[in-house]
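Hello,

Here is the structure I promised to pass on to you. Have a look at it first, and then read my notes below.

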Amino acid sequence: MGRQVSDRRIYAFLDRYATLIALVALIALNIVITPNFLTLQTLNVNLTQVCTIVIVAVGMTLVIATGGIDLSVGSLMAISGALAPMIFMGGIVDVGPVWVAVTLAIVVAIAVAGLLGAFNGWLIARFGIQPIVATLVLFIAGRGIAQVMTNGNLQVFAVPEFQFIGLGRVFGLPVQVLIMAVIVVGVAWMLRRTLFGRQILAVGGNELAAILSGMPVARVKIAVYAISGLLSGLAGLIVIAINSSSDANLVGLGIELDAIAAVAVGGTLLSGGRASIWGTLLGALTIQIVRYTLLANGVPDAAAMVVKAGIIIAAVWLQQKARAA
Amino acid sequence: MRDIHKRFGGTVALDGATLNIGAAEVHALVGQNGAGKSTIIKVLTGYVPRDAGEVDFQGVPFTVTSPRAAQDAGISTIYQEINLVESRSVIENICLGREARRFGLLDWPAMHAEAERILARFNMRVDVRRPLSHFSTANQQMIAIARAIGFSARLVIMDEPTSSLTDRESAVLFDVIRGLKSDGISVLFVSHKLDELYAVCDRVTIMRDGRTVRSCAMDEIDKLELVSTMLGREVSRRDGHATAFGGHTRQPGDDLFQATHLADSGHVRDISFTLRQNEIVGFAGLLGAGRTETARLIFGAIPTTKGTMQIDGGAFTPGSPADAIAAGIGFCTEDRKIEGIVPDMTVAENMMLALMPKLARAGIIDEARQAQIVAGFIDSLGIKCAGPHQKIRELSGGNQQKVLLGRWLAMSPRLLILDEPTRGIDVGAKAEIQKLVNRLADEGLAVLMISSELEEVIEGADRVYVLREGVSVAELDRDQITEDRVLGAMAHGSASV
């Protein structure tokens with residue numbers, strides 16, 4: 001009996017703090033073995049690389065909290081990344097002053113991604129299509145649409161007003177890191193303190209109970225997929241701003257799996273009903289540092305993937321143990 | 001089957017059940033929810049092993065280890081839900097698991113002929129090459145039955161086979177059952193429709209709480225005795241109180257809610273009733289009588305196909321639970337786990353689930369007010385928990401139920417529907433909830449209480465409606481509420497005894 005209780009406490013503790021412990025341990029390890037780890041340069045490299053994954057994974061966390069999944073995030077990034085340069089480079093219409101063009105490009109590109117996300121939610125809420133199938137539609141079609149829009153061409157540009165979101169700095173901090181921070185803090189607060197946050201968790205925790213409590217379940221579902229779409233659109237813009245170019249074949253390729261991995265490692269239940277935005281942030285950072293550690297120490301990227309998989313398995317195993325105990 | 005015992009973890013499902021089915025006999029198996037009917041069928045068909053007891057089949061000791069072995073031995077089962085492959089053809093479904101082969105390949109002509117031969121017995125002439133999903137539910141059910149009999153069965157088990165059939169289709173099924181009997185095949189027939197049992201069965205076994213309480217010929221027992229034996233009641237007024245309800249002392253207030261000739265696309269066929277303020281109304285009826293479905297109709301959770309509802313004399317047509325909640329209706333569902341609690345949420349969050357929109361300003365929840373309301377209900381309902389932030393799944397069933405009551409009381413409802421409010425909770429919590437419901441009605445609330453525990457309805461309700469096969473067959477005022485009358489109406493469909 002005593003042993004059972006202590007086991008349960010250990011698993012519950014690990015379930016809660018394992019990601020944080022792993023992250024701290026990795027940082028400690030790097031300080032010892034990786035040359036020049038404790039520099040602003042390293043911090044900036046890691047933060048900029050992880051930003052887009054975190055932004056997408058925050059939206060993914062909300063979707064997964066309702067018991068769903070969104071495979072279309074990478075394709076939506078490609079669409080938004082293809083659309084914005086077409087607007088600010090005057091490919092569609094001539095829109096006059098550069099700041100007007102850039103503002104319009106950002107707003108339209110993100111809005112289009114949001115609408116496509118809402119379309120995902122509509123398929124799921126209105127027709128009861130399984131989320132994995134419904135979002136597979138845009139996962140496949142979305143990238144195709146982005147390629148058709150650009151005729152498969154690479155769009156190269158040098159527009160500092162736009163690229164500020166990827167390359168600019170405020171108070172010495174990269175702008176995209178600030179954007180990421182605002183999104184993480186804002187969504188974490190929303191999940192805890194607002195009606196919408198509660199509705200998300202109730203829909204994922206017990207959909208029937210949510211319906212019988214009078215909740216607008218369909219609206220909640222459509223909203224989370226729309227938010228996931230909006231954040232994907234934003235992430236797509238950050239990627240092309242950093243690269244000074246947009247390639248519909250590559251923007252956001254494979255990011256859905258990184259985002260899902262970050263969510264899983266962060267302790268959000270993949271079956272819905274429980275969500276941690278901070279966990280997702282830690283999960284993404286952990287995966288990023290693992291990759292960086294291996295790369296910085298000369299281990300090939302292919303091996304890094306295997307380690308990443310190992311971390312995910314460990315995280316899911318812990319979750320199950322903590323819940324079963 | 002003699003003296004069968006079966007436990008699932010800590011729950012005793014069968015506690016010395018005995019079932020004797022004669023050759024060429026149609027045997028009825030009846031009992032309430034949880035009486036052990038399904039478990040004894042599962043033991044017989046090899047889905048679960050028995051812990052103790054003996055089974056003889058055709059005169060020899062018989063032990064099956066898998067459903068397949070039971071089929072091979074000649075025991076076929078037809079379940080309530082059709083367990084066939086919808087997307088495949090009738091031929092494949094009928095021959096599933098015993099396909100005709102020639103040179104290692106499927107022999108389609110032989111299978112085709114076999115399928116048509118089996119269906120001909122049911123006067124069914126259909127294109128057997130069509131997929132099963134092409135046919136109506138009733139036809140699919142008939143095909144499932146045909147398939148079961150096609151297994152050269154000696155014993156066919158039918159678990160509520162008529163629940164999705166029309167009267168005419170049921171009549172065809174009964175002819176088939178009589179045909180089976182004359183062929184020397186035995187049938188074990190599970191149903192909650194009493195008239196059917198008397199129409200088609202020779203003998204009956206009545207189960208209660210995992211035990212066989214009576215087994216006799218159908219003509220030795222009348223409907224009233226059958227129902228009272230099922231529910232474990234003597235047919236005579238019992239003195240003394242078995243529940244914590246206060247008795248019938250309230251003066252009912254004004255009419256609040258009226259339903260006239262309600263029907264849905266399933267169990268509810270013609271149900272009319274009136275609910276008043278300051279009154280507990282009880283719904284009595286057997287399983288499948290349409291009690292829960294009626295509650296869901298009122299709550300807008302399933303659509304009404306016929307009839308009208310009124311609140312305060314105005315038309316009420318709820319399109320969703322949100323509409324019903326807006327009209328001041330609360331609904332504590334029968335199944336706490338599946339429809340009630342959100343297990344990963346806290347006591348406070350669960351309790352505020354329905355009230356939340358009113359607690360939010362510009363979408364932000366007023367935490368202070370929430371804490372105040374929750375603390376109030378934890379106190380007044382006597383909820384035992386570590387605090388408002390404990391996860392609800394860690395609470396006992398009775399305390400979970402109180403949290404769910406709190407969820408609806410927090411809405412200050414005018415009508416509260418309670419579906420099996422004390423099922424699966426311990427005796428102490430049961431009495432507390434009964435007292436609480438009593439107090440709420442004293443304070444002016446209209447309560448509609450559905451309960452399978454007869455004493456709860458009889459002692460708790462100020463007025464009782466008896467439902468039978470989807471029809472409200474009797475209304476009993478408080479000086480008419482006796483066990484005899486309630487049981488009588490459940491058995492015969494009228495209140496006269």
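**What I found in it**

Leaving aside neighbours within four places in sequence, B:Lys391 is in contact with B:Asp344 and B:Thr346; two residues are in contact if their C-beta atoms, placed from the backbone, lie within 7 Å. The loop that holds B:Lys391 runs between helix H14 (367–380) and helix H15 (397–409) of chain B. Helices (H or I, at least four residues) and strands (E, at least two) are DSSP runs, numbered from the N terminus. B:Lys391 counts as partly exposed, because it has 17 C-beta neighbours inside 10 Å. For that term, a residue is buried if 20 or more other C-beta atoms lie within 10 Å of its own, exposed if 12 or fewer, and partly exposed in between, again with C-beta atoms placed from the backbone. From B:Lys391 to B:Pro303 there are 88 residues in sequence and 34 Å in space, C-alpha to C-alpha.

Some bookkeeping before going on. This is a predicted model, in which local features need pLDDT of at least 70, side-chain atom pairs count only at pLDDT 80 or more, and totals for chains, interfaces and linings use all residues. Residues are numbered from 1 along each chain as its sequence is written, while chains are lettered from A and ligands numbered from 1 in the order in which they are written.

**Confidence**

The model scores ipTM 0.83 and pTM 0.76. On pLDDT, the predictor's confidence in each residue from 0 to 100, chain A averages 88, with 95% of the residues scoring at least 70. For chain B the mean is 84, and 92% of its residues reach 70 or more. Within chain A, the element with the lowest mean pLDDT is helix H1 (residues 2–33), at 74, and the one with the highest is helix H10 (residues 217–243), at 96. In chain B, pLDDT stays under 50 over residues 235–239, for which the model has 7 contacts beyond four places in sequence. Where pLDDT is low, the predicted coordinates should not be read in detail.

**Where the chains meet**

Chain B brings 23 residues into contact with 17 residues of chain A. On the chain B side, helix H10 (321–326), helix H11 (336–340), helix H13 (356–359) and strand S21 (364–365) each supply at least two residues. That side divides into 17 nonpolar, 3 polar and 3 charged residues. Here Ala, Val, Leu, Ile, Met, Phe, Trp, Tyr, Cys and Pro count as nonpolar, Asp, Glu, Lys and Arg as charged, and the others, Gly among them, as polar.

**The sheets of chain B**

One open sheet has 6 strands in the order S19-S22-S23-S16-S24-S25 (chain B), with mixed pairing; two strands pair if DSSP finds at least two bridges between them. Its edge strands, each pairing on one side only, are S19 (329–332) and S25 (471–476) of chain B.

Which way do the residues of S16(B) point? B:Glu279, B:Val281 and B:Phe283 point one way and B:Ile280, B:Gly282 and B:Ala284 the other, and all are buried. With 6 of its 6 residues buried, strand S16 (residues 279–284) of chain B is therefore largely enclosed by the rest of the structure. S16(B) pairs in the parallel sense with strand S23 (residues 446–450) of chain B over 5 bridges, and B:Phe283 has B:Ile450 as its bridge partner there. S16(B) also runs parallel to strand S24 (residues 463–468) of chain B, joined by 4 bridges. In S24(B), B:Arg463 stands opposite B:Val281, and B:Val466 stands opposite B:Ala284.

Another open sheet, of 4 strands, has the order S15-S14-S17-S18 (chain B) and antiparallel pairing. Strand S14 (residues 255–263) and strand S17 (residues 306–311) of chain B are joined by 5 bridges, and B:Thr260 stands opposite B:Thr308 in S17(B).

**A helix contact in chain A**

A:Val184, A:Val187, A:Ala188 and A:Leu191 in H7(A) meet A:Ile277, A:Trp278 and A:Leu281 in H12(A). The residues of this contact are 7 nonpolar, no polar and no charged.
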